[in-house]
Amino acid sequence: MPTPSMEDYIEQIYLLIEGKGYARVSDIAEALSVHPSSVTKMVQKLDKDEYLIYEKYRGLVLTPKGKKIGKRLVFRHELLEQLLEIIGVKKENIYDDVEGIEHHLSWDAIDRIGDLVQFFEEDPKRVEALRMVQKQNEG
Ligand SMILES: [Mn+2]
């Protein structure tokens, strides 16, 4: 199992490769606001654990194992953003809040949150009902 920090790297690498076809050490460093030397270190560890293949002058590619987990991590991040949006969290808080919680939930909890998001999306009246409660609590 990847550590939270490894998850952040795999997630960003997956997003970069999905978005522009490749992920350079400098891109990853920028995306995660870390020093390139930290990226090199982590990329070597991810290579050793077979999440990716790193060749110093040719860049890096995710292995099937790395792709599979990367896809799940991006899905998990997006699902949690959807959840926070549905429950009415302010837009400016959503990204950082998701970054704070995403590594600390079981996949069971993620699946149940998936059910909950689906529950709200299937009928907009359910979101309206939640907004009513929130209005009452404000006042
Ligand atoms: Mn994330």
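Visitor: Where is R76 placed, and why is R76 called buried?

Guide: R76 sits in helix α4 of this predicted model, where a helix is a DSSP run of H or I with at least four residues, a strand is an E run of at least two, and both are numbered from the N terminus. The relative accessibility of R76 is 1%, and since buried means under 20% relative accessible area, exposed over 50% and partly exposed in between (1.4 Å probe, protein chains only), R76 counts as buried.

Visitor: What kind of model and numbering do these values rest on?

Guide: The model is predicted, so local features need pLDDT of at least 70 and side-chain atom pairs count only at pLDDT 80 or more, whereas totals for chains, interfaces and linings use all residues. Residues are numbered from 1 along each chain as its sequence is written, and side-chain values use heavy atoms, with hydrogens and water left out.

Visitor: Which residues does R76 touch, and what makes its pairing with E7 a salt bridge?

Guide: Not counting residues up to four places away in sequence, R76 touches E7, E102, H103, W107 and I110, contact meaning heavy atoms within 4.5 Å. The closest N and O atoms of E7 and R76 are 2.8 Å apart, and because a salt bridge is a side-chain nitrogen of Lys or Arg within 4 Å of a carboxyl oxygen of Asp or Glu, the pair of E7 and R76 is counted as one.

Visitor: How are the two domains bounded, and how many salt bridges and polar contacts lie between them?

Guide: Domain 1 covers 4–68 and domain 2 covers 74–138, with bounds that come from an automatic or database domain assignment. Between domain 1 and domain 2 the count is 1 salt bridge, and the rule finds 4 residue pairs in polar contact across their interface, both residues at pLDDT 80 or more. A polar contact is a pair of N or O atoms within 3.5 Å; within protein, one must be able to donate a hydrogen and the other to accept it, and residues adjacent in sequence count only if both atoms are side-chain atoms.

Visitor: What area do domain 1 and domain 2 bury between them?

Guide: They bury about 570 Å², 48% of it on carbon and sulfur atoms, buried area being the accessible area (1.4 Å probe) that two parts lose on being put together, summed over both. In contact terms, 7 residues of domain 1 meet 7 residues of domain 2.

Visitor: Which residues does UniProt list as "binding site", and how do you know that they cluster in space?

Guide: An unreviewed UniProt entry places this feature at E11, H77, E99 and E102; the positions are in the numbering used here, the feature names are shortened, and annotations may be inferred rather than shown by experiment. Although these residues are spread over 92 residues of sequence, their largest C-alpha distance is 11.3 Å.

Visitor: Are E11 and H77 buried or exposed?

Guide: E11, in helix α1 (residues 4–20), has 3% relative accessibility and is therefore buried. H77, in helix α4 (residues 64–86), is also buried, because its relative accessible area is 6%. Leaving aside neighbours within four places in sequence, the contacts of E11 include H77, E99 and E102.

Visitor: Why is S33 called exposed?

Guide: S33 lies in the loop between α2 (25–32) and α3 (36–48), and its 66% relative accessibility makes it count as exposed.
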